[in-house]
Amino acid sequence: MLKVHAKKALGQHFLRDLSVAQQIAESLAFQQDKMPVLEVGPGMGVLTQFLLQNPRIELTAIEIDRESVDYLKVNFPQLHLIQGDFLRLDLNLLYPEGEFCVIGNYPYNISSQIFFKVLQYKDRIPCCSGMIQKEVAERLAAKPGNKQYGILSVLMQAWYDIEYLFTVQPYVFDPPPKVKSAVVRFTRNRRQQLDCDEEMFKKVVKTAFNQRRKQMRNSLMPLLGKGNPLLETDIFRLRPEQLSVEQFIQLTQSVETYCNVSPP
């Protein structure tokens, strides 16, 4: 019988607990009667089997590991399977039109990159859910004022409502990871635009959190120039972790007004 060997370079930890896999499969939330769903990194198919049982899901899976692909072809011949790298995949070619969801037991070493890619397709992905490292899940769901609130929190929460659903212990994996895991769900919010330049918004957020212990007037001085009167306004006396998404949008609007540097 075929067996897949976990590869450290791919961040593979195979989930063994079927009840957890079923809960992850049920975490997707969408309104349509039928929804295309892309599973990232199915591995040995413990999550895949429950997704295939859902008549409302039209499932496609993408797997980078050749050994896993061979296993899946034997055990799930009905599965629409792509061998490849999700981070390199052109989702517009896979889904030329309409909405689709993303789900997975995501490799911990690239989970942030996966979510930033989801952001690129935010107007077409109404829901994304799955399992990641607990620390990253807490960072994603963190609110202003929390020490875990950071770049990932702001950029994702600008477009998605993020729910920390439940914690998963290491012993339900083979091999067990050294950290706890968690299941999260992103649901697209109603925001259609940021009311500021999106690239400048990203630049302001990243610049601010790169010196998160400093007040905004110090961390954003390189963007605005020393002595800029804007730096003396109240919002610039706050530290980045104190600002909500809406305040970061307002801040970006102010920076755009005074900044002579064109957005990249």
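Leaving aside neighbours within four places in sequence, which residues is arginine 185 in contact with? The first legend answers this, and all of the views below come from a predicted model.

**View A. Arginine 185 and its surroundings.** Welcome to strand β9 (residues 181–188), where arginine 185 lies. Apart from its neighbours within four places in sequence, arginine 185 is in contact with Ser27, Ala29, Cys127, Cys128, Ser129, Asp161, Ile162, Glu163 and Leu165. Look for the side chain of arginine 185, which reaches the backbone oxygen of serine 27 at 2.8 Å. Arginine 185 has a relative accessibility of 17%, so this residue counts as buried.

**View B. The largest pocket.** If you are tracing the strands, β1 (14–15), β2 (35–40) and β3 (57–63) each supply at least two residues of the lining. Sorted by class, the lining of the largest pocket comprises 22 nonpolar, 10 polar and 6 charged residues.

**View C. The largest nonpolar core and a second one.** Here we step into the largest nonpolar core, a set of 57 residues in which Phe201, Phe236 and Phe248 touch the most other members. Helix α8 (residues 198–209) gives the most to this core, contributing 6 residues. A second core is separate and has 31 residues, including Ala25, Val37, Val46 and Phe50.

**View D. A closer look at phenylalanine 236.** Not counting residues up to four places away in sequence, phenylalanine 236 touches Gln215, Met216, Arg217, Leu220, Leu224, Leu230, Leu231, Leu251 and Val255. Phe236 is also one of the residues that touch the most other members of the largest nonpolar core.

View E. Between aspartate 174 and proline 175 the peptide bond is cis, and its omega is near -5 degrees. You will find proline 175 in the loop between β8 (173–174) and β9. For context, most peptide bonds are trans.

**View F. Aspartate 195 and its backbone.** What is the phi of aspartate 195, and is it positive or negative? Aspartate 195 has a positive phi, at about 65 degrees, although this residue is not a glycine. As a reminder, most residues other than glycine have a negative phi. Aspartate 195 sits in the loop between β9 and α8. With a relative accessible area of 53%, aspartate 195 is exposed, because the cut-off for that class is over 50%.

Key: Residues numbered from 1 in each chain as written. Predicted model: local features only at pLDDT ≥ 70, side-chain atom pairs only at ≥ 80, totals over all residues. Heavy atoms only, no water. Helix = DSSP H or I, 4+ residues; strand = E, 2+ residues; numbered from the N terminus. Nonpolar A, V, L, I, M, F, W, Y, C, P; charged D, E, K, R; others polar. Core = buried A, V, L, I, M, F, W, Y, C linked by side-chain atoms within 4.5 Å. Buried < 20%, exposed > 50% of the residue type's maximum accessible area, 1.4 Å probe, protein only. Contact = heavy atoms within 4.5 Å. Polar contact = N/O pair within 3.5 Å; in protein donor to acceptor, adjacent residues only side chain to side chain.
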